[in-house]
Amino acid sequence: MSHRDAKTPKSRRGHNRPVVDENAAFPAFQPTTSTSLYSRLRCALRLSFVLIWTFWACNLQAVLVRLPGRLKIMMPRIYWRGVCRILGIKTKVIGSSAGGVRTAKDVRNGKRPVVFVANHCSWLDIAIIGSELPVVFVAKGEVGKWPLIGTASRLGRTIFVSRNRKDTGRELQEMAAHLWDGDDIVLFPEGTSSDGSRVLPFLSSFFAVAKPGRLEKVGLPKAPPVLIQPVSVVYDSLEGLPVGRSRRNVFSWYGDMDLAPHLWSFGQWRTMGASLMLHEPITPDEFLSRKDLSRATYEAVSTGAADLRRARPKAVGA
């Protein structure tokens with residue numbers, strides 16, 4: 001690994017101990033994407049395999065969603081694992097999930113479904129989380145209109161939400177119905193994706209299904225008691241080397257970035273790695289307000305993400 005020498009302190013004798021720079025592994029002049037013919041061919045093959053895999057998985061899921069049982073919630077996990085394998089992404093999981101596969105009867109008997117709350121910097125977050133946890137995602141309504149991705153999302157029973165307050169009641173009702181059925185759901189309360197260098201403040205309105213306010217309680221079915229499990233997602237490996245700030249844009253998809261160029265750039269790298277940190281569950285009943293719950297969850301997610309970016313993850317629960 002390249003490095004620069006530390007400056008000699010006035011009070012100490014000279015030394016040549018290297019000072020590690022998080023961006024040193026990838027020099028500033030190195031392009032974001034390799035431009036060799038082989039890398040472009042690899043990307044084209046990967047995207048083709050993803051399309052073929054998506055076609056067959058969607059056809060199978062279209063049958064499973066009409067059948068009783070839990071296969072329809074397990075199939076998306078198998079699908080996303082396949083996508084990660086095709087794209088060359090390896091995920092390291094830290095901590096353990098408080099969720100699982102349960103039935104509506106289990107929920108009525110007192111088992112709490114889990115609302116996973118994660119940071120969000122890319123469409124890849126769905127693949128990483130979906131490959132490890134049998135969950136239902138809550139996504140913005142525009143996703144349902146995207147070609148292919150929208151179809152896959154609907155078959156994965158994604159809950160689509162909008163920024164229109166008139167639809168809030170319907171959306172909360174749909175989330176509550178999934179929770180009563182035994183599903184675990186995933187929320188991205190930043191409300192948008194970021195560049196991956198930090199976690200944006202959480203919007204407390206996303207926690208309404210876990211801790212409804214006075215307006216949500218009026219005329220709406222009540223969701224079952226849930227647990228909140230904070231989740232930190234960080235992309236920390238590229239070609240076997242640690243990812244610094246200058247290379248997070250390989251993974252991040254945010255702002256007005258177009259999806260097609262991002263996919264073409266991302267798919268040309270050989271191997272990539274992500275870390276998924278599952279924090280200790282939080283009981284919403286222990287907080288006086290939704291804002292307090294949102295703040296506590298944000299602190300867990302933000303601190304965990306910062307530790308992962310520094311490659312110093314602490315043991316969950318320590």
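View 1. Helices are DSSP runs of H or I with at least four residues, and strands are runs of E with at least two. In this predicted model, the span of residues 47-67 is 86% helix and 0% strand, and its end C-alpha atoms lie 30 Å apart. An unreviewed UniProt entry places the feature "transmembrane region" at these residues, 47-67, an annotation that may be inferred rather than shown by experiment.

**View 2. A nonpolar surface patch that includes Leu-45.** Leu-41, Leu-45, Phe-49, Ile-52, Phe-55 and Trp-56 make a nonpolar surface patch of about 670 Å². One of these residues, Leu-45, has its place in helix α1, which runs over residues 37-64. Because its relative accessibility is 43%, Leu-45 counts as partly exposed.

**View 3. Strand β4 and its two parallel partners.** Strand β4 covers residues 114-118, and since five of its five residues are buried, the strand is largely enclosed by the rest of the structure. Val-114, Phe-116 and Ala-118 point one way from β4, whereas Val-115 and Val-117 point the other way, and the residues of both groups are buried. On pairing, β4 joins strand β8 (residues 227-238) in the parallel sense over five bridges, with Phe-116 standing opposite Gln-229 in β8. Strand β4 also pairs in the parallel sense with strand β7 (residues 185-187), here over three bridges, and in this pairing Val-115 stands opposite Ile-185 in β7.

View 4. A pair of aromatic rings is described by the distance of the centres and the angle of the planes. With ring centres required to lie within 6.5 Å, the count comes to nine aromatic pairs. Among them is the pair of Phe-137 and Phe-188, which is stacked, with 6.4 Å from centre to centre and 15 degrees between the planes. Phe-137 lies in strand β5 (residues 136-140) and Phe-188 in the loop between β7 and α7 (214-217), so the pair ties together parts that are 51 residues apart in sequence. Phe-137 is buried, with a relative accessible area of 8%, and Phe-188 also counts as buried because its relative accessibility is 9%.

View 5. The ring centres of Tyr-235 and Phe-251 are 5.1 Å apart and the planes of the rings stand at 10 degrees, so the pair is stacked. Tyr-235 counts as buried because its relative accessibility is 5%, and Phe-251 counts as buried because its relative accessibility is 1%. Ring pairs also link these two residues with Trp-123 and Phe-266 into a cluster of Trp-123, Tyr-235, Phe-251 and Phe-266.

**View 6. Lys-291 in helix α9, shown with Ser-205.** Lys-291 lies in helix α9, which covers residues 290-309. Because its relative accessibility is 57%, Lys-291 counts as exposed. Although Lys-291 and Ser-205 are 86 residues apart in sequence, their C-alpha atoms are 8.6 Å apart in space.

How values were computed:
Residues are numbered from 1 along each chain as its sequence is written. This is a predicted model: local features need pLDDT of at least 70, side-chain atom pairs count only at pLDDT 80 or more; totals for chains, interfaces and linings use all residues. Side-chain values use heavy atoms; hydrogens and water are left out. Buried means under 20% relative accessible area, exposed over 50%, partly exposed in between (1.4 Å probe, protein chains only). Patches are made of residues with over 30% relative accessible area and no salt bridge: like charges are joined within 9 Å, nonpolar side chains (Val, Leu, Ile, Met, Phe, Trp, Tyr) within 5 Å. Accessible areas come from the Shrake-Rupley method with a 1.4 Å probe; for residues, only the protein chains shown count as cover. A salt bridge is a side-chain nitrogen of Lys or Arg within 4 Å of a carboxyl oxygen of Asp or Glu. Two strands pair if DSSP finds at least two bridges between them. Rings of Phe, Tyr and Trp (its six-membered ring) pair if their centres lie within 6.5 Å; planes under 30 degrees apart count as stacked, over 60 as edge-to-face and the rest as tilted.
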